[in-house]
Amino acid sequence: MFDARTKATLSSAPKTSRGNRKNKEAFAGWLMAAPAIILLLTFLIVPFIFAFGLSLTNQRLISPNPTEYVGLRNYKRLLNVRFFTLKPLVDAEGNPVLDEEGQISYPRLRNFTRNNPDYPQLNGLREFKSWQVGKNRLVLLASDAVFFRALLNTIIFVIVVAPLQAGFALLLALLVNQRLRGVNVFRMIYFMPVVISMVVVSMLWRFIYDGNDGLLNSLLSAVSFGAFQPVDWLGSPQTALGSIIAMSVWQGVGFHMVIWLSGLQTIPFVLYEAASIAGANGWQKLRYVTWPGLRNTAVLILIVITMQSFSLYTQVQVMTRGGPLDSTQAIVFQAVQRGFEKQDIAGGSAISVLLFLIVLFISIMQSYLTREKR
Amino acid sequence: MQAKNVRGRNYRLGIYARYATLILIGLIFIFPIVFMIVSSFKPDLQLLRDTSSLRAFLPVGDISVDNYIEAFERAPIGRFIFNSVFITAVSVGLGLFLNSLAGFSFAVLEWPGKTIVLAVIIATLIIPFETIAIPLLLIVNFLPWFGLEGFTQGWLDSYQVQIIPFIADALSVFLFTQFFRDLPKEIIEAARIDGASWWQIYQRVLVPISGPVFATAAILKFLAMYNQFLWPLMVAQSEEFRPVMVGLQYFFQLNVAWGEIMAYLTIITVPVLIFYLALQRAFIESIASSGVKG
């Protein structure tokens, strides 16, 4: 009896101590990861979930009234768009009325959008864009024309910046990947703007883009021997967004050059040697050795730039504040304007959620595209 | 013999052309920075006049440090710099510690739920900070704080509001986890057999051999924190807590003095540039490794 008990204790002893050890390890693991997890939970995941919740309310930063659930009202306000056809004004015989310059006259849009009982669906909408279709005028109305401008500008910004920046970055990477003495100095210089704050860069480029004696105007007029007429780059709606795009590419291109470079360096040198022996010229090597080796890097870079570009904010805040004529409005700028400057937390959150959904959609596309490539 | 000579000359021309391209492009990147530094030494009138010629990039004319003196008189620049350095240093320091500890736990230790938690953390990498800034503003506005003045509510206008939300970051945790996971298991097992605790293994075995990943995480966080703009703009209303980027607003009140602005931009940028030039290999490598995260 005594023997059996000792045996049992002996055989179970290593088991419990192993279990104990495992428990201890789990405890240590939790303890070590806990601070980072708690911080990420409080300041990243909770506000993220909060954004969805707040966007369904009328929350303000400081308000005497209790917060109420308002459903999708904030989103409807942002996204409500309608097409509307304006028919020309007609005289008694049914002919269109022409104004002094011979243009067709139309009834005023506000007759339909301001408390017109016959058109309740148009109440409060504003003109976003209009086109001439035959004798009629087709008007795109939006409940929040400024937000739509911001959405459109941001998408233009992304669509232009992504290929432009990726392309230039690849070009720079190929340039500094040459076997030349001192080539690292150039790599260092091209990368330099990346470490400079966008705030500083934006301030500097205001001098470059200045309408009178800006550096860019002076340069262009010198190159064209005075034929170039100065442009107020940031002051005119036609050039403002383009100017911000050019500057953003200048600031960010070094970042992606470095990523291209690390992609280039994964291509084994023997492939180039083999191509040389087979008699390939420089272009053929680029086309058939370098480019296929860079496919994954290319997808990665395009996605990274796209995600970064959607958060366009600092440039707009420092250089144009959305103007002139809303030509540089951007999604994040609008979110901050409403959520912070107008203290409309709910409205700002709704914009943030929309931005996140766009970014999520793109990263789903990314995983889809990369899977296909493999 | 002659053919060889021609090829040699072409080769030389090719080399020159390559250098010319490299230099020309280099000028595009370097000129705005030269313009900033040079202009900071010029009086306003000359500064604006010089932008119409190459003089914009040359330290000619009436050169002085007046702009710097006036900039320091106009704004509490010392205060701004202290704030930025303090906020950046504390978040980098605490961030390195807590994120590497978490990375160690994810990479080396076994505990239930680990895989899911790590997957969630990595998934948060696609959330742009801009999308949580507004709700975060609301949250910090309600959080309690126990400080020197006792118990207070709301973190707006403080150091902690600019530090604590940014200590832990998913990218750092991910980088540390990756790095620790790739280390040879034998090192850890040997230390276990010697009777070392997990804390001792982290502190005495892993940290000393993990210099590269600590450098990468430190540089990425340093750049992100020092250059932060949106968040301090929202939460640091009083000048007492303003970092350098938000302090720039000071120079647009009343009369705008461009020379002083240039001096200020130079003051807040040149230290970072020197830091970069001194450690450029490390800077470039950390960016490269952050990009490869996808």
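This is a predicted model: local features need pLDDT of at least 70, side-chain atom pairs count only at pLDDT 80 or more; totals for chains, interfaces and linings use all residues.

Reader: Domains first. How is chain B divided?

Author: Chain B has domain 1 at 2-68 and domain 2 at 75-253. Their centres, taken over C-alpha atoms, are separated by 39 Å.

Reader: And what does the domain assignment give for chain A?

Author: Domain 1 covers 81-142 and domain 2 covers 146-373. In chain A the two domain centres are separated by 40 Å, again over C-alpha atoms.

Reader: Now the interface. How many residues of chain B are in contact with chain A?

Author: 71 residues of chain B, and they meet 73 residues of chain A. On the chain B side, 52 are nonpolar, 15 polar and 4 charged.

Reader: What about the largest nonpolar core? Which residues touch the most other members?

Author: That core has 168 residues. Those touching the most other members are Ala36(A), Leu40(A), Leu204(A), Met257(A), Val332(A), Ala102(B) and Leu265(B). Helix H4 of chain A, residues 145-176, gives the largest share, with 13 residues.

Reader: Pick Leu265(B). What does it touch?

Author: Leaving out residues up to four places away in sequence, Leu265(B) touches Val200(A), Met203(A), Leu204(A) and Met36(B). Leu204(A) is also on the list of residues with the most core contacts.

Reader: Switch to helix H6 of chain B. How many residues, and what reach?

Author: Helix H6 of chain B runs over 129-142, so to speak, with 14 residues. From first C-alpha to last, H6(B) reaches 20 Å, close to the 20 Å expected at 1.5 Å a residue.

Reader: Where does H6(B) bend?

Author: At Pro135(B), by about 40°.

Reader: Is H6(B) mostly covered or mostly open?

Author: Mostly covered, with 10 of its 14 residues buried. Pro135(B), the bend site, is one of the buried residues. Others in that group include Glu130(B), Thr131(B), Ile132(B) and Val140(B).

Reader: Why does Thr131(B) count as buried?

Author: Because Thr131(B) has 27 C-beta neighbours inside 10 Å, and 20 or more make a residue buried. Beyond four places in sequence, Thr131(B) is in contact with Ala51(A), Ser352(A), Leu355(A) and Phe356(A).

Reader: How far is Thr131(B) from Tyr202(B)?

Author: Their C-alpha atoms are separated by 35 Å. Along the chain they are 71 residues apart.

Reader: And Thr124(B), where is its place?

Author: Thr124(B) sits in the loop between helix H5 (114-123) and H6 of chain B. Thr124(B) is partly exposed, with 17 other C-beta atoms within 10 Å.

Reader: Which residues is Thr124(B) in contact with?

Author: Leu40(A), Leu44(A), Ile45(A) and Ala170(B), leaving aside neighbours within four places in sequence.

Reader: Tyr16(B): buried or exposed?

Author: Exposed, because Tyr16(B) has 10 other C-beta atoms within 10 Å and the limit for exposed is 12 or fewer. Tyr16(B) is in helix H1 of chain B, residues 2-39. From Tyr16(B) to Gln178(B), the C-alpha separation is 43 Å.

Reader: Back to chain A. What about Thr306(A), buried or exposed?

Author: Buried, with 20 C-beta neighbours inside 10 Å. Thr306(A) is in helix H11, residues 295-310. Setting aside residues up to four places away in sequence, Thr306(A) touches Val158(A), Ala162(A) and Ile362(A). The C-alpha atoms of Thr306(A) and Ile362(A) are separated by 8.3 Å, although the two are 56 residues apart along the chain.

Reader: Backbone check. What is phi of Arg321(A)?

Author: Near 50°, a positive value in a residue other than glycine. Arg321(A) lies in the loop between helix H12 (314-319) and helix H13 (331-341) of chain A. Arg321(A) is exposed, with 12 other C-beta atoms within 10 Å.

Reader: And phi of Gln343(A)? What value?

Author: Near 55°, also positive in a residue other than glycine. Gln343(A) is in the loop between H13 and helix H14 (345-373) of chain A. With 15 C-beta neighbours inside 10 Å, Gln343(A) counts as partly exposed.

Definitions and conventions:
Residues are numbered from 1 along each chain as its sequence is written. Chains are lettered from A and ligands numbered from 1 in the order in which they are written. Domain bounds come from an automatic or database domain assignment. Two residues are in contact if their C-beta atoms, placed from the backbone, lie within 7 Å. Ala, Val, Leu, Ile, Met, Phe, Trp, Tyr, Cys and Pro count as nonpolar, Asp, Glu, Lys and Arg as charged, and the others, Gly among them, as polar. Helices (H or I, at least four residues) and strands (E, at least two) are DSSP runs, numbered from the N terminus. The expected span of a helix is 1.5 Å times one less than its number of residues. The bend at a residue is the angle between axes fitted to the seven residues ending there and the seven starting there. A nonpolar core is a set of buried Ala, Val, Leu, Ile, Met, Phe, Trp, Tyr and Cys residues joined through C-beta atoms within 7 Å.
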